[in-house]
Amino acid sequence: MTKKRKRQDDFQKVKLKVGKKKPKPNNATDVNFKTRGIRLPEQLKSDKSGPTTRRQLSIKDLLSQLHHYSSGVKQEALAGLRELLTQSPGLLDAHLSSVLSEVAAVFTDKEPAVRAASVRLLGFVAQCVPAERLAPFFPLLSAHLSCAMTHIAEGIQQDALKILDVLLEHYPSLLAQRCSVLLKNFLELISQRRLWRPGQPGSSAAGGAWALAVNPGRKVTSQQWRLSVLSRLGQFLQAVVEERSVEEQAGPLDVLDTGAREGGGSGGKMITPLELTWEEHSFGRGGVQVYENSGAHPTMSATFCACFCRPDTEPGAGVEEGLDSAEMVQGFASTLVPLLLEVWVEACTSGQGTSDSGHLLHPEAMALMYQVLSILQLLRRLSPHRHHQDELDTWFRSTYLGDFKHHFMKNFPYSQLEVAKHKKKGDSKRSKPPAAGGPSVEPLALNLTLCQVMVTLTSGAEGRQDAEWLAPIRAFVRDSLSSGTRLSAKQLGGLLEVVWRLVMTQKSRAVTEELLQAVSVQYQQRNLSLPVRVLLLRFFSRLYLQEHEANAQVTRSKVLSRWLAALPLQLAQLGSKNPQLSARLLLTVQAAAARRNRELLLSLQTHACQLYDPEKGSVVLLPADSQQRLVQLVYFLPSLPAELLSCLSRCCTAGRVSASLAASLIRILHIRSPLSGWAAGAPDSALSDVDYFSFLFSTLTGFPREELAALQTGSEEELCGPSALCPLSLYPTELDHFIHHWDVVEEVCHCLETVGSKSQCFDILQNAICKNLAGLQVLPDSTAAAVLRCVSRLLDLSVLPSEGLLRFLSSCCLSLLTLLLSLDHELSAQDSAQKREAVWGACLGALGSVPRLLRLVLQGLRVLELSEEELPLAAQLLALLLQHSQLRNHMLANSTLLQHIIQDLTRRCRGEAREQWLTDLLYCYSVTMSTQHRGAVGLQDMY
């Protein structure tokens, strides 16, 4: 038998034995090896190319994620951008273009969360970037905004209005420059084009090229959507109006402006524009001179304006071309106004129960109607040039006056409908959604805006025809002003604007008195706020200043006369409580006084003492500008009694008005006096010559009689003297008061010098000094110096002063010279330099001009009665007189008396060593005596 060979299988099963290790497979990995780490420090470093968010994303990463298909990624990227820009504001300047382009691209994203995040980011960027920095990128934002406003999705349109809110808040001027595109977008949000146009076959006579659009699928009602769109349109038009420059703006006349537009706004020169029509000049040979304001330094306010005028402007033309001409404004208005009228009609009929309750409106309807009126009010102000305003008003009147009267005045005035609310279970926990148009509108605001719109359509030439439909407006304005309710400044400003327009157009005395009486009732209320009080004052002031001569009914108004007569008392009672209001009152009072208003002048005369009280009068409490106006009012006072002159004199010397203003007051009184020498003056002067001289003398002394009497019994601690060297006790006045009084004294002396007879004037002054001042023992140093200054300027060689006056002047001069030496030894001698100069000039002028005064002064130096401390002062005084060249001849004339005084001083100075002051005196005396000339002996009898 043959032995068979055993076959080897491909997969043999290994038999494992108990207790033996399992053999390793053929493909087993040998792990018996050692490893070492590789360190790469550069890869572990953080990226310092720029800041990152908390998720370690840079701005480039975030901007790239905005292109991701996932809405969640884009939303997180927008939130990350806001976080990164908040932490590092400098990134915004470096990547502003990229940020704006990427954020604007998601305005039309299909996800609401992404759009909301983009609005939040845009609001943050708008707070950080100024308008001039964002201006180069604004066309891109405007283009994306237009895409969002005209998008087919309703949610994107609603979010587009939120984007518009951000731009209106931060960049209204940039947005106003894009009106050519945005105006059409606004219209497409609430309306749509008709399939036909007016004038084509099959078209209706009523209506325009646009019709209101109704979309039942919106989440909000049609009224709420139109309210939200119209509120933004009103804000946009307001931005366009404010963007107009002052020279070109054709806004409504501000009746509360007290002169900003008087005289044409350019220094009183009216600019007449030159109209150019290119069709007439394009092929013509004649030229147009337009280079009068050009050159190296052109004038910005040119007197010509060029505009392109199309002969056949269709309605709606201004929607696409912008608002750069009056024709474009009319074209836009012809498109928008019919839509607004349709909105008004729908709002009036919505929720109306019966036909008798047409004036009762729901809050939502009232807000919508208010927006309609506000837009109509702004349309009038869109005229690009001021001279087109009348044309635009005439066009509005001829085109829409009938429609406005039919729709607006039908149920005027309007009120809010009170709806009873039934409280249900769980209502307190529910959150009421906010209104689409923002805050609610009060009935007063709606009615007032309606009045403002309607009165602009009135015409002065057709005032009688308008009186019938204006009667409800007059009644509403009268009741609103006379009801006694507190009005805000905005509400009162609107009412006053309506009153002004009615007074100017109706030109009826009865209407004027009725309306002005209502305004007067509002003016007489107490505790009015400052803006309200200023508005009322501006109204009456401008009515009197600008229309008093032009309108007869204003001129004969009794209400205006009573208001003017009450102004001086109000000014006196107001005082310094409100300087701004007092300044406005003074402007009107001064103008009325210049026009010789009888009622005002009588009232001003009655309350003059209150106004010019030196302690608590308006003349010392108000600022410098108002003080100047009050001083100028003195010129218009019918009479100037002694009581008022006493107050004015105290005002001049008290130091509470400036020295220049006090000098102006003295000059005004001099002109009003009979001694001014004006040949054309009134025969009956406002004040008598006795009162005028009393005023000048009181002002010259600088102190009233009561204060001078009080000084005689006062303490001697602050007084200088009396002593043998200082006969009078001088009261030292403060430096500021002394300088102020000295400036006033110069003006008083000037007025006394202009009097015709100097001798008579000097006699009056001499008698006044001897009667009121010669018997006093205590005298202010400013008064003593003022008397010396005035006497030296008025004294003539033909006049000999009395003995009593000479003795008083010698006492004043000797006391002042002693004071002058004491001022030289004070530590504050540098500060009192002006006072020393004034005192020395007064003494020097008196000693050099008044006969025998120097002899009396030398005789007053009783050396034997002087104390040891006064001897150096006496020697210094003599040396001071000897050193001055102007007094050298006078000292030579009194050489004998001077020699006896020096001998007495030498005898008193006993000692081995001669004092320095005596040495200086002997030196000055020897120098003076050596220059004696022949003519000096002839002067001995006089001096």
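Buried residues account for 46% of the 943 residues in this chain. Keep in mind that you're looking at a predicted model. The chain has 44 helices and 8 strands. Take the contacts between residues at least 6 apart in sequence: 75% of them join residues at least 24 apart.

**The nonpolar core**

- The largest nonpolar core holds 277 residues.
- Which of its members touch the most other members? They are Phe-236, Leu-379, Met-454, Ile-473 and Tyr-612.
- Pick Ile-473 and skip its neighbours within four places in sequence: what's left in contact with Ile-473 is Met-409, Phe-412, Cys-451, Met-454, Val-455, Val-498 and Leu-502.

**Helix 32 against helix 33**

- Helix 32 covers residues 659-672, and its axis comes within 11 Å of the axis of helix 33, with a crossing angle of roughly 160°.
- Anything over 145 degrees counts as roughly antiparallel, so helix 32 and helix 33 get that label.
- The crossing of helix 32 and helix 33 is left-handed.
- On the helix 32 side, the contact is made by Ile-666, Leu-669 and His-670, and on the helix 33 side by Tyr-692, Phe-695, Leu-696 and Thr-699.
- By type, the residues of this contact between helix 32 and helix 33 split into 5 nonpolar and 2 polar, with no charged ones.

**Helix 33 against helix 35**

- How do helix 33 (residues 689-701) and helix 35 (residues 735-753) cross? Their axes come within 9 Å, at an angle of roughly 150°.
- That angle is again over the 145 degree cut-off, so helix 33 and helix 35 are roughly antiparallel to each other.
- The crossing of helix 33 and helix 35 is left-handed.
- Helix 33 brings Tyr-692, Phe-693, Leu-696, Thr-699, Leu-700 and Thr-701 to this contact, and helix 35 answers with His-741, Val-744, Val-745, Val-748, Cys-751 and Leu-752.
- The residues of the contact of helix 33 with helix 35 come out as 9 nonpolar, 3 polar and no charged.

- Some background: most residues other than glycine have a negative phi, and most peptide bonds are trans.
- Where does the chain have a cis peptide bond? The bond from Phe-412 to Pro-413 is cis, with omega near -5°.
- Lys-507 isn't a glycine, but it has a positive phi of about 55°.
- You'll find Lys-507 in the loop between helix 20 (489-506) and helix 21 (509-523).
- Is Lys-507 buried or exposed? Lys-507 is exposed, with a relative accessible area of 52%.
- Arg-852 is another residue other than glycine with a positive phi, near 65°.
- Arg-852 sits in the loop between helix 39 and helix 40 and counts as partly exposed at 35% relative accessibility.

**Buried spots in loops and a buried arginine**

- Pro-851 is in the loop between helix 39 (833-849) and helix 40 (853-859).
- Pro-851 is buried, with a relative accessible area of 16%.
- Pro-851 and Leu-797 are 54 residues apart in sequence, with 8.9 Å from C-alpha to C-alpha.
- His-388 belongs to the loop between helix 16 (363-379) and helix 17, and counts as buried at 8% relative accessibility.
- The C-alpha atoms of His-388 and Glu-327 are separated by 9.8 Å, though the residues are 61 apart along the chain.
- Arg-533 is part of helix 22 (residues 530-547) and is buried, with a relative accessible area of 17%.
- What does Arg-533 touch, not counting residues up to four places away in sequence? Its contacts are Tyr-523, Gln-525, Leu-528 and Leu-581.

Terms used:
Residues are numbered from 1 along each chain as its sequence is written. This is a predicted model: local features need pLDDT of at least 70, side-chain atom pairs count only at pLDDT 80 or more; totals for chains, interfaces and linings use all residues. Side-chain values use heavy atoms; hydrogens and water are left out. Axes are lines fitted to C-alpha atoms, for helices over the stretch in contact, and angles run from 0 to 180 degrees between N-to-C directions. Helices (H or I, at least four residues) and strands (E, at least two) are DSSP runs, numbered from the N terminus. Angles under 35 degrees count as roughly parallel, over 145 as roughly antiparallel, 65 to 115 as roughly perpendicular and the rest as oblique. A crossing is left-handed if the near helix is turned anticlockwise from the far one by less than a right angle, and right-handed if clockwise. Contact means heavy atoms within 4.5 Å. Ala, Val, Leu, Ile, Met, Phe, Trp, Tyr, Cys and Pro count as nonpolar, Asp, Glu, Lys and Arg as charged, and the others, Gly among them, as polar. A nonpolar core is a set of buried Ala, Val, Leu, Ile, Met, Phe, Trp, Tyr and Cys residues joined through side-chain atoms within 4.5 Å. Buried means under 20% relative accessible area, exposed over 50%, partly exposed in between (1.4 Å probe, protein chains only).
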